[in-house]
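Q: Could you walk me through how this fold is put together? I would like to go from the sheet to the helices.

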Amino acid sequence: NDYAEMVPGDISDRLEEKLRALEERTGAQVAVLTVESLEGEPIEDFSMRVAETWKLGQKDKDNGVLFVVAESDRKMRIEVGYGLEPVLTDALSKRILDGITRARFRAGDFGGGIEASVDAIAGVIEGNEGAVPAEAPSGASSVGNMPIAARFAGMLIFTLVIGVFSTVAVFAKGCQSWFLYVFLMPFY
C-alpha cells in the first residue's frame, strides 16, 4: 500500500512476493503502508487504527505487523500484534528503524530502505535475529568512546564548577547558602 509512491515498481513486486511467502511459511502477516502525511495525528494512534481496521494476522494468534512510513512528516513505526511481541520486540523494531531504515532513507534510497526493513522484520519473525544490526548507530558519542583526555577535561571542569559553588555555599550566610545547598544536592 504505497500511497506516498516511495517504492519503485520492481521493489514493490518483490515485496509482495516476499510477504506472501512469509505468510505461507509462518502464518504471520506483514503489511507496508506509506502515506504522504498523518495530518497531525500521532503515528502511534494512526498505526494502531490502521492495524485494527485491516485486522492483520490470524485472529486467534494476533500475529500481524504493520510497517508505516509517513513521508512528509518524516515518521515511521513498526506496529506489532500481541502474538509477535515476544519475537519482534520494541527494542528490535527500534534497531530496525534506526539501523536500517533511517540509514537508507538518509541516502535517498526509500524503496531499498523499506525492502531492507521488511527483510529484517521477516528474518526476526523466522527466528533470525542476525537480520537486525547489533546496535543502532548514534550521532552522539558515548562516554565510553571518548578519549581519556576529553574525559579528564570534563571531570576537571565539573569539579571546579561544583567546587566553587560548594565553597561559596559553605561561607555564605542566610538564604544564599541554603539556596546553594539545595541547588548542589543532585550533584552530590
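A: What follows goes through the sheet and then some of the helices.

A: This is a predicted model, in which local features need pLDDT of at least 70 and side-chain atom pairs count only at pLDDT 80 or more, while totals for chains, interfaces and linings use all residues. Residues are numbered from 1 along each chain as its sequence is written, and side-chain values use heavy atoms, with hydrogens and water left out.

Q: Okay, what order do the strands of the sheet come in?

A: The order is β1-β2-β3, in an open sheet of three strands with mixed pairing. Strands (E, at least two residues) and helices (H or I, at least four) are DSSP runs numbered from the N terminus, and two strands pair if DSSP finds at least two bridges between them.

Q: Which are the edge strands?

A: They are β1 (29-35) and β3 (75-80), each of which pairs on one side only.

Q: And in what sense do β2 and β3 pair, parallel or antiparallel?

A: Strand β2 (residues 64-70) pairs with β3 in the antiparallel sense, over six bridges, and V65 stands opposite V80 in β3.

Q: Which strands does helix α3 touch?

A: Helix α3 (residues 90-106) packs on the sheet and touches β2 and β3, with its direction at about 145 degrees to that of β3. Contact means heavy atoms within 4.5 Å, and angles run from 0 to 180 degrees between N-to-C directions of axes fitted to C-alpha atoms, for helices over the stretch in contact. Helix α4 (residues 110-125) lies across β1, β2 and β3, running at about 160 degrees to β2.

Q: Switching to α1, which of its residues are buried?

A: The buried residues of α1 are I11, L15, L19, A21 and L22, where buried means under 20% relative accessible area, exposed over 50% and partly exposed in between (1.4 Å probe, protein chains only). Seen down the axis of α1, these buried residues fall within an arc of 165 degrees, so they line one face of the helix; the arc is that of the directions from the helix axis to the C-beta atoms.

Q: What do they pack against, and what is on the face turned away?

A: The buried residues of α1 pack against β1 and α4, whereas the face turned away from them carries the exposed residues D13 and E24.

Q: Last one, what about α6: which residues are buried there?

A: In helix α6 (residues 175-184) the buried residues are S177, L180 and L184, and they pack against α5 (148-171). The face of α6 turned away from its buried side carries the exposed residues C175, W178, F179 and V182.
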